[in-house]
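Subject: Structure handover and notes on charged side chains

Hello,

The structure is passed on below, followed by notes on what was found in it. Please read the notes with the coordinates open.

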Amino acid sequence: MVEVKIKPLADRVLVQPDPAETKTASGIIIPDTAKEKPQKGTIIAVGQGKKDEPMNLKEGDRVLYGKYSGTELKWEGEEYLIMRESDVIAII
């Protein structure tokens with residue numbers, strides 16, 4: 001697990017996206033210009049939740065999220081997304 005000094009507030013979570021696919025199932029190499037943003041990742045940190053809604057997610061959960069969800073954040077050379085818990089579609 002990655003140790004990050006970022007603590008999301010309220011119902012937000014910090015997600016480290018999975019790396020983009022570099023090769024198709026049939027072995028064709030995908031150029032950088034054609035790579036799609038991954039839509040799954042690992043939760044690195046979670047907020048405390050809202051007053052009347054506890055958090056359902058926890059650190060280490062593997063999740064699926066929407067294609068345009070969250071705000072991109074670069075911290076100490078790593079790329080992260082910070083998003084609301086409601087932007088997460090599923091736990092995998």
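A salt bridge here is a side-chain nitrogen of Lys or Arg within 4 Å of a carboxyl oxygen of Asp or Glu. Please keep in mind that this is a predicted model. By that criterion, the whole structure contains five salt bridges.

Lys58 and Asp61

The side chains of Lys58 and Asp61 form one of these salt bridges, with an N to O distance of 3.2 Å. Are the two residues buried or exposed? Lys58 counts as exposed because its relative accessibility is 52%, and the cut-off for exposed is over 50%. Asp61 has a relative accessibility of 8% and therefore counts as buried, the limit for that class being under 20%.

Glu79 and Lys74

Another salt bridge joins the side chains of Glu79 and Lys74, at 3.8 Å from N to O. Glu79 is exposed, at 52% relative accessibility. Lys74 is exposed as well, with a relative accessible area of 58%.

Lys50 and Asp11

Lys50 makes a salt bridge with Asp11, and the closest N and O atoms are 4.0 Å apart. Which parts of the chain does this pair link? Lys50 is in the loop between E2 and strand E3 (62–65), while Asp11 belongs to the segment before E1; the two are 39 residues apart, and the pair links distant parts of the chain. Lys50 is partly exposed, with a relative accessible area of 40%. Asp11 has a relative accessible area of 9% and so is buried. Through salt bridges that share partners, Asp11, Lys50 and Arg84 are joined into one network.

Asp18

Asp18 lies in the loop that runs between strand E1 (12–17) and strand E2 (40–46). Its relative accessible area is 16%, so Asp18 is buried. Which side chain does the side chain of Asp18 meet in a polar contact of 2.8 Å? The partner is Arg62. Beyond its neighbours within four places in sequence, Asp18 is in contact with Pro38, Lys40, Gly41, Thr42 and Arg62.

Regards

Conventions:
Residues are numbered from 1 along each chain as its sequence is written. This is a predicted model: local features need pLDDT of at least 70, side-chain atom pairs count only at pLDDT 80 or more; totals for chains, interfaces and linings use all residues. Side-chain values use heavy atoms; hydrogens and water are left out. Helices (H or I, at least four residues) and strands (E, at least two) are DSSP runs, numbered from the N terminus. Buried means under 20% relative accessible area, exposed over 50%, partly exposed in between (1.4 Å probe, protein chains only). A polar contact is a pair of N or O atoms within 3.5 Å; within protein, one must be able to donate a hydrogen and the other to accept it, and residues adjacent in sequence count only if both atoms are side-chain atoms. Contact means heavy atoms within 4.5 Å.
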